[in-house]
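Trainee: Could we go through this structure together, one question at a time?
Mentor: Gladly, let us have a look.

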Amino acid sequence: MDCHDCHQSCQPKSHNLGGKLFNFGSKKLLKKNFSQGSTTTIALVGSPNVGKSLLFNLLTGTYVTVSNYPGTTVEIAKGNRIIGGEKVTFLDTPGMYSLIPITEEENVARNLILNQKVDLVIHVVDAKHLAKMLNLTLQLLEAKLPVLLVVNMIDEAKKLGIWVDENQLAHRLSIPVVSMAAVKKVGLQKLIAKVADYVRANSLSIAY
Amino acid sequence: MFEQILYPSPIEAAITRVESLIGDRKNSIPHRTMALLLLQKDPSLWSVSDSDMRSQLKQELDFAEIESIIAETEAAISESLTFAIAQARHQLAMEIEQDVTIQPHQQRAFKHEWLHQLSVHPLTGIPILLLVLYFGIYQFVGVFGGGILVDGMEGFFESEINPLVNTIVATIFPWTIIQDLFANDYGIITLGIRYAVAIVLPIVTIFFLMFSLLEDSGYLPRISLLVDRLFKTIGLSGRSIIPLVLGLGCGTMATLVTRTLESKRERIIATLLLALTIPCSAQLGVILGLLSQEPAALLVWATVMVTIFLGIGFLAGKIVSGEASCFYMEIPPLRVPSLNAILTKTYVRLKWYFWEILPLFILASVLIWAGKLTGLFDFIVTGLEPVMLWLGLPKEAAPTFLYGFFRRDYGAAGMFDLHSSGILAGQQLVVAAVTLTLFIPCIAQLQFMFKERGLKNTIAIASFVVFFAFSLGYFLNQLLTIMELSF
Amino acid sequence: MVYQSFSVDYSPLNYLGAKTQGVITAIRNKDDKIVKKLLSMGVHTGMHITLEQRFPSFVIKVGQTRIAIDKNIASSIKVRVIGR
Ligand SMILES: Nc1nc2c(ncn2[C@@H]2O[C@H](COP(=O)(O)OP(=O)(O)OP(=O)(O)O)[C@@H](O)[C@H]2O)c(=O)[nH]1
Ligand SMILES: [Mg+2]
C-alpha cells in the first residue's frame with residue numbers, strides 16, 4: 001500500500017527493476033541492482049502482517065508503510081545498513097503464507113527468494129501463531145535456503161500467556177533464532193549481532 | 001543440520017520419480033523443492049504465462065507424466081497430494097511448537113476483545129461503520145478539511161499572498177506576458193501553487209491522517225468482512241474495500257494496491273470503479289465542502305454516485321469474465337495506534353503526494369500560459385463550450401474540465417474557484433460535481449492503470465469513463481430540469 | 001438447529017449456528033486454490049475451530065487465528081461438532 005514504496009521502487013530510474021522481477025533472463029542484473037556495492041543481501045519474508053516492514057524500517061532507517069492489516073506491502077523495497085563493518089542490503093517483501101503463491105504479490109516474494117540470489121532469508125513470524133508460521137520456515141529449510149528466524153510480537157504473545165523458548169527453537173531447527181517485539185525495539189540489538197555473525201562468516205567463506 | 005521432513009512413503013516415492021524427471025538440470029532451486037512444488041501443482045510452474053520459475057524447466061518437462069504420478073499417488077493415499085504434504089508439514093510444525101512454547105491452559109483474549117465483537121456484529125457493526133464514515137469522511141475530511149481549512153487557506157492566499165505576488169511580479173517584470181506566467185489569473189504562483197497548497201494539501205492531509213488511523217487500528221479488515229456480501233453482488237469481495245477506501249484519498253496509490261486482490265476479474269472491476277466512481281480526496285473534500293451548505297444538492301450527488309457505483313459494479317460483475325471472487329481475510333487484533341507511527345506515515349505520504357502534484361500543477365500553469373499565448377487554450381476551451389452548454393453548465397466551466405483531464409484534484413480546485421466567484425450554483429453545481437467526479441482519472445492514475453492492467457484495459461476503461469461521464473451529466477441535467485428541483 | 005439433525009458429527013461449517021465449536025474433520029473444495037489457502041493460513045484437519053459469527057461473513061477462530069471467510073469457503077470446512 002505504498003506511496004513511498006512506490007516512490008522507491010516504481011520511479012523511472014528503478015522502473016526496470018519491477019519489470020525484471022518477472023522475467024528470469026535478468027537474474028544477474030537484478031542481483032547487481034539490489035546490492036550495489038554491498039556484499040550481503042538479506043530478504044525479510046513471512047506471512048502478512050507479522051511486522052516485516054516495521055522491522056525493515058528499524059533496520060534500515062528508511063520508511064515503508066506499516067499498517068495493521070494483511071497485504072500492506074505490495075512491492076519489494078530495499079534499504080541498507082552497515083553491519084559488521086559491511087554494507088548489508090535488506091529487502092522488504094510482500095507477505096506470503098506459503099511457498100506456493102496464490103496472489104500476485106505473494107509471487108513477488110517467492111520469486112525473489114527462489115530465483116534471485118539472496119544471501120540470507122530472515123523469516124519473520126508471529127509468536128502468537130508459532131505452529132502456523134513454522135510451516136513456511138520448514139518449506140524454506142526444505143529449499144536449502146539460509147534462514148534466520150525472527151519470532152516477533154512476543155509482547156502480544158506474553159499477554160495471551162504464550163512463551164517461546166528461542167534457544168530450544170534454534171536447537172530444534174538448527175538455525176539462529178531471535179525473539180523480538182519490534183514495536184518496542186526489543187531484540188533489535190540481538191538481531192543485528194546475529195546478522196553481523198553471519199556477515200563475518202560469509203565474508204570469510206568468500207575470502208577463502 | 002536440520003533433518004528433512006519425511007513424508008508418507010507413497011509421497012516420497014512420487015518425489016523421487018519427479019526428481020528423476022527433472023534430471024540433472026542446473027538450477028538454483030533444490031530438486032526436492034522443485035519436485036514438491038510440481039506435485040502441489042504450483043501455479044507459476046504449471047501456467048502458460050512466462051515466469052522466472054517456469055523458464056527454469058518447463059519446456060523440456062514431461063507434464064503429462066507428472067500428472068499421472070500425481071494421480072497414482074493420490075489414489076494410493078486416497079487424499080489430495082497438496083493436502084497430504086501440508087498435513088505432514090503441519091504435524092511437524094505442531095510438534096515443534098509443543099516442544100518450544102508454553103501455552104496457557106485456558107485460551108486468553110486481548111483486552112480489546114469486546115470492541116472487536118462490537119465492530120463485527122451486524123447489529124452494532126453497521127451503525128459503527130456508518131458513524132465512522134460520517135465523522136471520518138464527511139465531518140473531518142469534507143466539512144473540516146474541505147470547508148473550514150480550505151476556506152481559511154484559500155482566503156489567506158486570495159487576500160494576502162496573491163495581491164502581494166501580483167505587485168512584486170509587476171515591479172520586477174514590466175511585460176504583461178511574463179507577469180502572467182507567474183501571477184494574475186493563471187500564474188504559476190497565483191494558480192498552480194495556490195491550488196496545490198491552499199486547496200489540495202489541507203484536504204489530503206486530513207484524509208491521510210484519518211486513513212492512517214483506520215489502518216493502524218486494524219479496523220479496515222473488519223469493514224471488509226462487513227461489506228463482503230454487498231460487494232459480492234458487484235463482482236468484488238470484501239477485500240476490495242481497502243483499495244477503494246484508499247482511492248478516496250488518491251486513486252493513483254489505490255490503483256497500485258489493487259494488486260492485493262485475488263483474481264484478475266476483481267482487479268479489473270476495482271480499477272474501473274476507482275477510475276469512474278471514486279472521487280479522490282481533493283475532489284471529495286471540495287465537493288463535500290461546497291455541497292454541505294446545500295443539503296439537497298449533497299443528497300443528489302451522493303445518491304447518484306452510490307447508484308452508479310453499485311449499478312456499474314453490478315454490470316461489470318456480469319460482463320467481466322473470470323471466476324467468482326472468494327473472500328478470506330485474517331482479522332488481526334485491534335491495536336492502539338501510536339501517534340508517532342500515524343504522524344510519520346501521514347508525513348511520508350504527504351511528502352510523496354505533494355512532490356507528485358506540485359510539478360504537475362506548475363506545469364499546468366505554464367501550459368495554460370503558453371496555450372493562452374498561442375491561442376491554443378482558447379481554441380480548446382471554445383471547443384469544449386458546446387459540451388458545457390449541453391450539460392447545462394456556463395461556458396466558464398470549460399477550463400475546469402480541461403484541468404480535470406490533467407489532474408483530478410486540479411479540476412476540483414478549479415471548481416472551488418468557480419463556485420467562489422459565483423459562476424457555478426445550484427443545479428449546475430450538482431451536474432458539474434457529478435460529471436467531474438466520474439470524469440477521466442488523472443494522468444498519474446492512467447499511468448498506473450497502464451502499468452498494472454495493461455494498455456488494452458486502460459484504453460477500454462478510459463474511453464468508457466469519458467463517454468459515461470458526459471452522457472450521465474447530460475441525463476442528470478435533463479432529469480433535474482424536468483423534476484424542477486431547485487437547490 | 002434444524003439442519004444439524006441429519007449429520008451431527010460431520011457438517012459443513014456453513015450449516016452450523018454461531019458460537020458452535022468443533023474439530024475440523026476435512027477440508028474439501030472443488031477449487032484447489034481455496035484448500036491451499038486455508039491450509040496455508042493454518043486451518044488443518046484435526047484442529048479445534050470456533051464459528052464466532054455467520055453474518056454478514058463467517059468468522060472462524062482456529063488456534064489464535066481469526067479469519068473471515070465467505071459462505072463458499074465455509075462450506076469447504078467440515079466439522080465434527082463438540083459443543084456450543
Ligand atoms: N504489538 C506488536 N505489534 C507489532 C510488532 N511488530 C509489528 N507490529 C504491528 O503489526 C502490524 C503489521 O506490521 P507490518 O510491518 O506492516 O507487517 P508486514 O509483515 O510488513 O505486513 P504485510 O506488508 O502486510 O506483509 C503493525 O500494526 C505493527 O505496528 C510487535 O513486535 N509487537
Ligand atoms: Mg509490509
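Trainee: Where in chain B is Ser325(B) found?
Mentor: Before we start, note that this is a predicted model, where local features need pLDDT of at least 70, side-chain atom pairs count only at pLDDT 80 or more, and totals for chains, interfaces and linings use all residues. Residues are numbered from 1 along each chain as its sequence is written, chains are lettered from A and ligands numbered from 1 in the order in which they are written, and side-chain values use heavy atoms, leaving out hydrogens and water. Helices (H or I, at least four residues) and strands (E, at least two) are DSSP runs, numbered from the N terminus. Ser325(B) is found in the loop between α16 (295–319) and β2 (328–330) of chain B.

Trainee: Is Ser325(B) buried or exposed?
Mentor: Buried means under 20% relative accessible area, exposed over 50%, and partly exposed in between, using a 1.4 Å probe and protein chains only. The relative accessible area of Ser325(B) is 10%, so Ser325(B) is buried.

Trainee: Which backbone oxygen does the side chain of Ser325(B) reach?
Mentor: Contact means heavy atoms within 4.5 Å. Leaving aside neighbours within four places in sequence, Ser325(B) is in contact with residues including Lys232(B), Arg265(B) and Asp70(C). A polar contact is a pair of N or O atoms within 3.5 Å; within protein, one must be able to donate a hydrogen and the other to accept it, and residues adjacent in sequence count only if both atoms are side-chain atoms. At 3.2 Å, the side chain of Ser325(B) reaches the backbone oxygen of Leu236(B).

Trainee: How are α10(B) and α15(B) placed relative to each other?
Mentor: Axes are lines fitted to C-alpha atoms, for helices over the stretch in contact, and angles run from 0 to 180 degrees between N-to-C directions. Helix α10 (residues 188–217) of chain B packs with helix α15 (residues 281–291) of chain B at an angle of about 100 degrees, their axes 8 Å apart. Angles under 35 degrees count as roughly parallel, over 145 as roughly antiparallel, 65 to 115 as roughly perpendicular and the rest as oblique. The two helices, α10(B) and α15(B), are therefore roughly perpendicular.

Trainee: Which residues of α15(B) take part?
Mentor: On the α10(B) side we find Ile199(B), Val200(B), Ile203(B), Val204(B) and Phe207(B). They meet Ser281(B), Ala282(B), Gly285(B) and Val286(B) in α15(B).

Trainee: Which residues are the protein donors of the magnesium ion (ligand 2)?
Mentor: Donors are N, O and S atoms within 2.8 Å of the metal (3.2 Å for Na, K and Ca); water is not among the atoms, so sites may look incomplete. One residue is in helix α4 (residues 52–60) of chain A and the other in the loop between α4 and β2 (77–83) of chain A, 20 residues apart. Both are buried, Ser53(A) at a relative accessible area of 8% and Thr73(A) at 6%. Lying 1.9 to 2.0 Å from the ion, the donors are Ser53(A) (OG) and Thr73(A) (OG1).

Trainee: Why is helix α1 of chain C largely enclosed by the rest of the structure?
Mentor: The buried residues of α1(C) include Ile34(C), Leu38(C) and Leu39(C), and the buried residues pack against elements including α5 (104–115) of chain A and α6 (81–100) of chain B. Helix α1 (residues 32–40) of chain C is largely enclosed because its buried residues number seven of the nine.

Trainee: Which residue caps the N-terminal end of α1(C)?
Mentor: A side-chain oxygen lies 3.0 Å from the backbone nitrogen of Lys33(C). The capping residue is Asp31(C).
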